[in-house]
Amino acid sequence: MNREVETLCAAIGMPQEVVALLKRTKTGLSDAQEEEFAERLCGAESNAVADELHGRLTDDANGVKILFVMLRAATVAKKSYGKAGIPTDIFDATMGCFSRFVREYRIAHGVFGFDRWWWTPRQLGLKLFRLGTLEYELTKTDGETAVSIHIPSDADLSQRAVDLSLAEMRRFFERYAGGIKEYYCRSWLLSPALARVLPSQSKIICFAKRFRIKEIIEDDESYKIWVYRNSDLLPEEFPENTTLQRNLKPYVLSGGKVGEAYGILE
C-alpha cells in the first residue's frame with residue numbers, strides 16, 4: 001500500500017483491521033496495471049471498468065483486492081476533486097463510503113470485506129457526493145440534469161441534520177452543476193406503508209413527508225437488506241433487535257408489503 005492510500009484510509013476512518021489486511025494484499029496485477037485501472041476508474045466509462053476489474057481479480061471472495069485498487073483510484077479522484085474546486089472535507093466525506101461499506105459487510109457476513117465495487121464508480125467519477133448526512137448523485141430526468149438523493153446507512157435523519165444537508169446540497173449544485181430540474185429520491189424509506197408501523201413523529205416519517213410521492217413499487221423488497229441486513233430471510237426469521245424490526249415483522253407476517261416509493265423533494 002502506498003503512502004497516499006494509507007493517508008486516505010486514515011482520513012476516511014477505515015478500520016485498522018482492514019488497513020492491516022490491505023497492507024498484506026497482493027492483487028495479482030502489476031503496479032502499472034493497478035495504476036491504469038485506477039486512472040480508468042475515474043473516467044467516463046468507470047462502471048464498465050469496474051466490471052472489467054472485477055472479472056480480472058481472481059480469488060477475491062471478500063473483495064479486498066478490488067477494494068485495494070479502488071482506494072488507489074480514490075487518490076487519483078482526489079486530484080480531480082481538487083481541480084473542480086471541491087473542498088477536501090467533501091472529498092473525505094464522500095470517500096467515507098468505502099469505510100462504511102466494509103463495516104456493513106462485516107455486519108452481514110461476520111468478517112470485513114467489500115462488495116459494493118459496482119456502486120463506488122459514482123464517487124470516483126464525481127457523480128455522487130456526501131454532503132452532510134445525505135448523499136446526492138447527478139443524474140438525468142427527461143434529458144435534463146437532476147439529483148438523486150440517497151440515504152446512507154449511517155445517516156442522521158433528524159430535522160436539523162437533514163435541513164443542513166439539503167441547504168448544503170443546493171449551494172453545492174448551484175456552484176458545480178448549474179441548473180437542476182428536480183431533486184428526487186427512490187427508497188423504501190419513502191414507502192407509505194411505514195406510516196402504518198411507525199409513529200407520526202418518527203424521523204423516518206418526517207423525512208418521507210419532505211417528498212411528493214409520484215410512484216409506489218409495492219413488490220420491492222430492498223428494505224430487507226437495510227432493516228434486517230439479509231435479503232434472503234423469510235419474514236418469520238426476521239430479528240427483533242430494533243423498534244423498526246419489531247414493528248415491521250408482524251406487518252409483513254400479516255401480508256403487508258413495504259415496497260419502495262419515488263418522490264420529488266418539495
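User: Leaving aside its neighbours within four places in sequence, with which residues is F173 in contact?

Analyst: This is a predicted model, in which local features need pLDDT of at least 70, side-chain atom pairs count only at pLDDT 80 or more, and totals for chains, interfaces and linings use all residues. Residues are numbered from 1 along each chain as its sequence is written, and side-chain values use heavy atoms, with hydrogens and water left out. Contact means heavy atoms within 4.5 Å. Beyond four places in sequence, the partners of F173 are F129, L131, Y136, L138, V147, G178, I180 and Y183.

User: Which residues of the largest nonpolar core touch the most other members?

Analyst: A nonpolar core is a set of buried Ala, Val, Leu, Ile, Met, Phe, Trp, Tyr and Cys residues joined through side-chain atoms within 4.5 Å. The largest such core has 82 residues, and those touching the most other members are L71, M95, F98, I149, F173 and L248.

User: Which helix supplies the largest share of this core?

Analyst: Helices are DSSP runs of H or I with at least four residues, and strands are runs of E with at least two, numbered from the N terminus. The largest share of the core is 12 residues, and it comes from helix 5 (residues 64–83).

User: Is H150 buried or exposed?

Analyst: H150 is found in strand 3, and its side chain makes a polar contact with the side chain of E137 at 2.8 Å. Such a contact is a pair of N or O atoms within 3.5 Å; within protein, one must be able to donate a hydrogen and the other to accept it, and residues adjacent in sequence count only if both atoms are side-chain atoms. Buried means under 20% relative accessible area, exposed over 50%, and partly exposed in between (1.4 Å probe, protein chains only). Because its relative accessibility is 16%, H150 counts as buried.
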